[in-house]
Amino acid sequence: MTAIYEIIVMLFILSGTFLTLAATFGVIRLPDIYTRNHAASKATTLGAMLILLGAMFYFLFFEDHFNSRLVLAILFIFMTAPVSGHLIGRAAYNSGVKLWNKSVADELARDRKKMKQGKSI
Amino acid sequence: MAFQILLNFVLAFVWMFLKTSYTPATFIVGYFFGLLILFFFRGFFQTRFYLKRVYAIIRLVLIFIRELILSNLAVLRLVLKPKLDIRPGIFALPIELERDWEILLLSNLITLTPGTLVVDVSPDNKTLYVHAVDIDDLNDAVSSIKNSFEKAIMEVSR
């Protein structure tokens, strides 16, 4: 029985660390802030959640102690990480950070320009 | 919905007082019978029977978790692929949701979807500007996914 528990805990913690590592590679490799934001805001969310879940299972199985703070931490990360990713992207866009030069479309700039013209008329 | 849950609690307490036993087990039995009563009298309420809404919320959470895992696999593939042949871009997505919390939920869901990230919400709350990693092969698929998300959120808020 303990072997199964060990495997479950190990799977959660190892996959979490692997995802976080991959997210770090993504932040180094990807070309501009928006694509980096993709890697940073998604992979690290699940990575941190998996590591916390693994820690929760460890204490539940081996110490017989259910730590509800870890569950709350998972929920908070789950709710706040996408919002922070959105805010970073928005702040970058509003302060004029350029998209990667191979980007294909930028409909936000088009619509903003249209709106400005509408106001000036 | 909140009114129906409150009514269910009141019915459970009435059941506890009828039985003159104040244990959690009695409360649960009373809650169950209250649920049955609410189900039979569902036609008298303005809103839907609230378990339907609870079911919709649970489905939304499951969609959230599934999309989170899928998007992580997509990011993994993107990052670990030796050749970087992505075509990123920002596209506009018209939405029908109106209330603020629905838009917040939808944009969180989109951010956790494979290959998309919300950059801005238009001032009139009618368009979301979404940054996609691979714009050409994703555009159709993403819009269909988003229709299903939007439907799931509408199912909750209706």
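The largest pocket holds about 550 Å³ of space. The model is predicted. In it, 19 residues line the largest pocket, and helices of chain A and chain B contribute to that lining. The points below cover the pocket, a helix pair in chain A and the domains of chain B.

**The largest pocket**

- Leu75(A), Phe78(A), Val61(B), Phe64(B) and Ile65(B) are the lining residues nearest the centre of the pocket.
- Two or more lining residues come from each of α2 and α3 of chain A, and from each of α3 (50-80) and α4 (100-111) of chain B.
- Helix α3(B) gives the largest share of the lining, with 7 residues.
- By class, the lining has 18 nonpolar residues, 1 polar residue and no charged residues.

**Helices α2 and α3 of chain A**

- Helix α2 (residues 33-62) and helix α3 (residues 68-94) of chain A pack at about 175°, and their axes are 10 Å apart.
- Because of that angle, α2(A) is roughly antiparallel to α3(A).
- The contact between α2(A) and α3(A) has 18 nonpolar and 5 polar residues, and no charged residues.
- On the α2(A) side, the residues in contact include Ile33(A), Tyr34(A), Leu52(A) and Met56(A).
- On the α3(A) side, they include Leu70(A), Phe78(A), Gly85(A) and Tyr93(A).

**Domains of chain B**

- The domain assignment divides chain B into domain 1 (2-44) and domain 2 (51-157).
- The centres of domain 1 and domain 2 of chain B, taken over C-alpha atoms, are 39 Å apart.

Technical notes:
Residues numbered from 1 in each chain as written. Chains lettered and ligands numbered in written order. Predicted model: local features only at pLDDT ≥ 70, side-chain atom pairs only at ≥ 80, totals over all residues. Heavy atoms only, no water. Axes fitted to C-alpha atoms, helices over the stretch in contact; angles between N-to-C directions. Helix = DSSP H or I, 4+ residues; strand = E, 2+ residues; numbered from the N terminus. Parallel < 35°, antiparallel > 145°, perpendicular 65-115°, else oblique. Contact = heavy atoms within 4.5 Å. Nonpolar A, V, L, I, M, F, W, Y, C, P; charged D, E, K, R; others polar. 1 Å grid on protein atoms, 1.4 Å probe; cavity = no way out; pocket = protein on both sides within 12 Å on 5 of 7 lines; lining within 4 Å. Points joined across faces, edges and corners; volume = space filled by probe spheres on them. Domains from an automatic or database assignment.
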